Amino acid sequence: MAGTGKAHLRDRAETLVRVEDLVMEFPAPGGKKVHAVSGISLDVAEGETLGIVGESGCGKSTTAKAMIQLPPPTSGSVEFDGTDITKLSPEELRQMRTDLQIIFQDPISSLNPRRKVGEVVAEPLRVWGPSDKNEQRVKVDTMLDAVGIDPDVARDKRAHEFSGGQCQRISIARALVLEPRVIICDEPVSALDVSVQAQILNLLEDLKAKYNLTLVFIAHDLAVVKNISDRVAVMYLGKLCEVSESNELYANPAHPYTSLLLGSSPEPDPLATINLEVVEEADLPSPINPPSGCRFRTRCPRATELCERVEPQIQKVTDNHYVACHFPLVEVEDLDETAVSALPQHEGK
Amino acid sequence: MESRGTVGRVDRKILVVEDLKTHFKLPAGMVKAVDGVSFDLKQGQTLGVVGESGSGKTVLSRTIMRLTLGNNVHTSGRVSFEDRDILSLSNKEMQKIWGLEMAMVFQDPMTSLNPVVKIGRQVTEHVRKHLNVSKSEAKATALQLLKGVRIPEAEARFNAYPHQLSGGMRQRVSIAIALACGPKILFADEPTTALDVTVQHQILNLLNLQQQERHMAMILVTHDLGVVAGRTNDIAVMYAGKIVEKAPTWMLFSRVQHPYTEALLRSIPRTNQKNHTRLSAIAGRPPDLINPPQGCKFSPRCPYAQDKCREEEPTLQAAQSDEHQFACWYPVGTPENKEAFEKNLAAQLPQTLAFAEGKVVDESVIDNAVALSGGGS
Ligand SMILES: Nc1ncnc2c1ncn2[C@@H]1O[C@H](COP(=O)(O)OP(=O)(O)OP(=O)(O)O)[C@@H](O)[C@H]1O
Ligand SMILES: Nc1ncnc2c1ncn2[C@@H]1O[C@H](COP(=O)(O)OP(=O)(O)OP(=O)(O)O)[C@@H](O)[C@H]1O
Ligand code: SF4
Ligand code: SF4
Ligand SMILES: [Mg+2]
Ligand SMILES: [Mg+2]
């Protein structure tokens, strides 16, 4: 399996999380495989927010869940603070879980609507936390307060009595209660109204500063991801296209797919130029039978025979900007054509 | 976009809506889902209807189209479509209007598609049902329509079932059906909300293209101001069952008058802002439509709210020009608005802090304030 390279990974000393060559395959009917994630490498520095964007089905959630071993990936490593957590025993992994928490898109269904909010937030403490009930309660109250919910009002109410935005805050409080170092946020604002979305984004920024959190933030809305992220990774069909400091990515997209995404993003500005020409829809490739070479080639306006044959490797654009494309949209520092053509041929379809 | 396709042509008003109310009777009381909406729409024009979840966008479109809303519904006001009084027509008379003159595209294309019938046949049958044509003519028309909505390899896909198509392709088929009989007005209710951005972009372009080619009127309903920004002639912003601001699209964005519109615009992150830009937030949540707050329904969340707002409900009035209307006592950009803001900031009103500094405020604070002030229940 040809990976897309690791040129973008930083020195281990600078990062808290390091994912290498992550592969996740699921069985599909007829003995086939869903190639959900195919050789992704990513790292996150302590206190940083890494955004992950890409269309539905590109493997964002699969990547996020594999990062906390829920379920463990087919292959690849996930290092947290220097330890490869894919190699831990179940008991060791259990200990490690307190440091890595995840929140999901649909707070209402992930909260158990019939339980009392106080219990919901205390849940992780019963497994991992102090056994002292008073201590538990103090922690729960502190966290509810931190997410802007009055513990005295909320404690004995049930989750279904709260709005979507409040439920998302409660699920953030639950993720925080074990004082994790990393929180993975899988589309935490996608189901919320815009007016509520801003509150949650601001809240995450505040909590990150207050508790020195490291965040992985997944969304399909490019503007939301830019707002909250320091660094952004663009995914397409189980592969990484581009990784960059976020302002740089939006100003100078190097990958044709990033550029397509940015051009499609609806901007609330009547003077923004809309490319009205694009009407056709390409047939989307399936992760069961992904295209050879560059997986984006069936939709890429720049694709050539090389793209069909050879998978592009991640290369440096600038210090904080990397792209996996044979013909990037911006000048690349050390593009080595001979290295590219010398690559082993992809096994093809 | 403003005058494209209208030069040298005097367009008639094809839809006039006056003081439309749609209320639902529930054991707990009346849900005033649409509560006194008025607007008109000219042939060939596109109106965007924007608002948060529950603001009444869907109920408004369904009421105008006379689609079922349940038997606990009470409707009043007037809807005049091509000089016919829609609310007084019988269902039989409506049958001659649905599909032929008025059509609807829904968020979920499966609302209008049959999962067990091949798509070619669905379009063909729709054409035959409404237009007096032979079977082979209908089939040819259906194929033309599928090509028109840019289904790749339409001939080959003629015999596909809906589940064999992507979400975007299915939406194209439902658009083909909606357009089959050349409707004079098309309602599109969140037609792209469930789709990926790239597909959303294509479908919106397709709708724009068809609307212009056919000189059709269109009402585009969405919660996303980005979707309507470059694509509509006018925008109506709905809040709690009412239009709170309505203006030509460019004017709405550049001379926003209503605090709710302003707050919506400022709470949306944008790709041209630097990362970590603090967002203005709208504190609180949309009101309970059975017991809405007294006075202006936005007052519990409005950063500028004054006593007058909590007592007396503002009605739509014209701004500098008649085409721009808003309902607010302290419109954005006026000295009175500035004064109200400073007063609220000094008083540390939670919704004003949320708006000004992006301060995180819990909804219950706002809810409690409403309850204390006697609004709501
Ligand atoms: N348990 C599973 N079994 C089989 N296929 C799966 C499973 N989980 C995910 N997949 C497939 O893996 C691919 C990636 O899915 P994933 O949920 O990670 O995408 P995503 O980027 O999170 O999409 P979305 O934006 O829709 O949430 C998809 O094709 C999906 O259908
Ligand atoms: N049959 C009904 N009985 C009672 N209340 C109803 C009924 N249908 C709609 N409502 C209420 O009317 C209000 C307006 O609903 P509507 O579906 O029009 O909102 P919307 O603006 O389309 O929201 P969304 O963006 O979520 O689609 C909501 O509060 C809803 O709960
Ligand atoms: S490698 Fe080729 S097909 Fe892939 S994005 Fe670059 S130009 Fe397009
Ligand atoms: S009337 Fe008052 S409360 Fe309502 S929007 Fe205007 S300023 Fe705000
Ligand atoms: Mg997902
Ligand atoms: Mg709706």
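## Around Gln257(B)

Setting aside residues up to four places away in sequence, Gln257(B) touches Glu245(B), Ala319(B), Gln320(B), His324(B), Phe326(B), Pro331(B) and Val332(B), where contact means heavy atoms within 4.5 Å. Gln257(B) is buried, at a relative accessible area of 11%; buried means under 20% relative accessible area, exposed over 50%, and partly exposed in between (1.4 Å probe, protein chains only). Its place is the loop between helix 9 (249–254) and helix 10 (259–267) of chain B. Helices are DSSP runs of H or I with at least four residues, numbered from the N terminus.

This is a predicted model, in which local features need pLDDT of at least 70 and side-chain atom pairs count only at pLDDT 80 or more, while totals for chains, interfaces and linings use all residues. Residues are numbered from 1 along each chain as its sequence is written, chains are lettered from A and ligands numbered from 1 in the order in which they are written, and side-chain values use heavy atoms, leaving out hydrogens and water.

## The nonpolar cores

A nonpolar core is a set of buried Ala, Val, Leu, Ile, Met, Phe, Trp, Tyr and Cys residues joined through side-chain atoms within 4.5 Å. The largest one has 107 residues, and Leu15(B), Phe39(B), Ile64(B), Ile185(B) and Ile219(B) have the most contacts inside it. Helix 6 (residues 167–179) of chain B gives this core its largest share, seven residues. A second, separate core has 65 residues, among them Leu111(A), Val177(A), Ala198(A) and Val224(A).

## Helix 4 of chain A

Which residues of helix 4 (residues 117–128) of chain A are buried? They are Val117(A), Gly118(A), Val120(A), Val121(A), Ala122(A), Pro124(A) and Leu125(A). Their cover includes helix 5 (133–146), helix 6 (151–154) and helix 7 (164–176) of chain A.

## Two ligand shells

Ligand 3 is surrounded by 13 residues, the closest being Cys294(A), Cys300(A), Cys307(A), Cys325(A) and His326(A); a residue counts as near if one of its heavy atoms lies within 4 Å. This shell divides into nine nonpolar, two polar and two charged residues. Here Ala, Val, Leu, Ile, Met, Phe, Trp, Tyr, Cys and Pro count as nonpolar, Asp, Glu, Lys and Arg as charged, and the others, Gly among them, as polar.

Around ligand 4 there are 13 residues, of which Cys296(B), Cys302(B), Cys309(B), Cys328(B) and Trp329(B) come nearest. The shell of ligand 4 has 11 nonpolar, two polar and no charged residues.

Note on methods. Helix = DSSP H or I, 4+ residues; strand = E, 2+ residues; numbered from the N terminus.
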